[in-house]
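Welcome! Here are some exercises to work through with the model open beside you. Try each task before you read its solution.

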Amino acid sequence: MRFKIDKEKKYILIAGAALLFFGLAYRLFPFFQGIQSSGAEIAVKERQLAKYRQAVKERNDIETRLVSINRSLERSEAGLLTGKTAALAAVDIQNILNEIASGSKVEIKSVRVLKSKELNEGYYISIPVRFTVNSTVRQLKEILYRIEASPKLLTVEKIRISVVRRKNSRQVRSDITISGFMKKAGS
């Protein structure tokens with residue numbers, strides 16, 4: 001038994017099949033697109049995973065460097081002044097200066113604590129102290145050396161030297177500004 005389809009029914013069947021095909025394609029297109037985009041997502045995730053694995057491998061190196069940096073910071077901070085306030089730290093500087101002066105057989109004529117300054121984004125405070133001494137050049141050299149070699153971190157910020165005018169005097173008058181450093185409370 002053969003079915004005879006006339007031309008008009010053939011065109012209707014072909015149009016129906018085409019509509020059915022396009023309907024199925026429209027309905028299933030997001031599914032196929034999701035499969036394709038999932039493949040791209042997987043590739044991106046694999047790259048991220050490779051980066052994370054590399055970071056985990058570098059973790060030991062980073063931890064070792066961190067320990068080394070923390071030890072170095074502790075050694076450096078051991079040279080900081082120990083006073084809880086800037087005024088107490090300034091007293092600590094004055095005591096160090098008195099020891100240095102007496103060791104160099106020099107008398108400190110005057111001491112003035114200057115205004116402290118915050119350093120390094122507020123983690124540390126610089127405490128400047130200006131003092132005046134009359135000494136020989138050799139004694140001055142010894143004072144400056146002892147300031148720089150002090151176990152506490154002291155730096156010579158400014159020095160002004162003038163000759164004392166007296167008969168047969170080899171003395172110089174020195175105005176020296178030094179700074180000591182302390183860690184800011186709460187840092």
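pLDDT is the predictor's confidence in each residue, on a scale from 0 to 100. Helices (H or I, at least four residues) and strands (E, at least two) are DSSP runs, numbered from the N terminus. This is a predicted model, in which local features need pLDDT of at least 70 and side-chain atom pairs count only at pLDDT 80 or more, while totals for chains, interfaces and linings use all residues. Residues are numbered from 1 along each chain as its sequence is written, and side-chain values use heavy atoms, with hydrogens and water left out.

**Exercise 1. Find where confidence in the chain is lowest and where it is highest.**

Step 1: Now go to the elements. Confidence is lowest in α1, at a mean of 83, and highest in helix α3 (residues 137-148), at 92.

**Exercise 2. Describe the largest nonpolar core and say which element supplies the largest share of it.**

Step 1: Settle the terms. A nonpolar core is a set of buried Ala, Val, Leu, Ile, Met, Phe, Trp, Tyr and Cys residues joined through side-chain atoms within 4.5 Å. Buried means under 20% relative accessible area, exposed over 50%, and partly exposed in between (1.4 Å probe, protein chains only).
Step 2: The largest core has 23 residues, and Ile93, Leu97, Ile127, Phe131, Ile143, Ile147 and Ile178 have the most contacts inside it.
Step 3: At least two residues of this core come from each of α2 (86-103), β3, α3 and β5 (172-183).
Step 4: The largest share belongs to α2, with 7 residues.
As background, nonpolar side chains tend to be buried together in soluble globular proteins.

**Exercise 3. Is Ser135 buried or exposed, and what does it contact?**

Step 1: Locate Ser135 in strand β3 (residues 124-135).
Step 2: Its relative accessible area is 0%, so Ser135 is buried.
Step 3: Beyond its neighbours within four places in sequence, Ser135 is in contact with Val106, Leu140, Arg170, Gln171 and Val172.

**Exercise 4. Count the salt bridges and find what three of them connect.**

Step 1: A salt bridge is a side-chain nitrogen of Lys or Arg within 4 Å of a carboxyl oxygen of Asp or Glu. By this rule there are 5.
Step 2: Lys183 and Glu77 meet at 3.5 Å, N to O. This pair links distant parts of the chain, with Lys183 in strand β5 and Glu77 in helix α1, 106 residues apart.
Step 3: Lys184 and Glu118 form another salt bridge, at 2.7 Å, N to O. Lys184 lies in the segment after β5 and Glu118 in strand β2 (residues 117-119), so the pair ties together parts 66 residues apart in sequence. Lys184 is partly exposed at 28% relative accessibility, whereas Glu118 is exposed at 52%.
Step 4: Glu142 pairs with Arg146, their closest N and O atoms being 3.0 Å apart. Both lie in helix α3, 4 residues apart, about one turn of the helix.

**Exercise 5. Where is Leu24 found, and how does its accessibility classify it?**

Step 1: Leu24 sits in helix α1 (residues 7-77).
Step 2: Leu24 counts as partly exposed because its relative accessibility is 49%.

Notes
Contact = heavy atoms within 4.5 Å.
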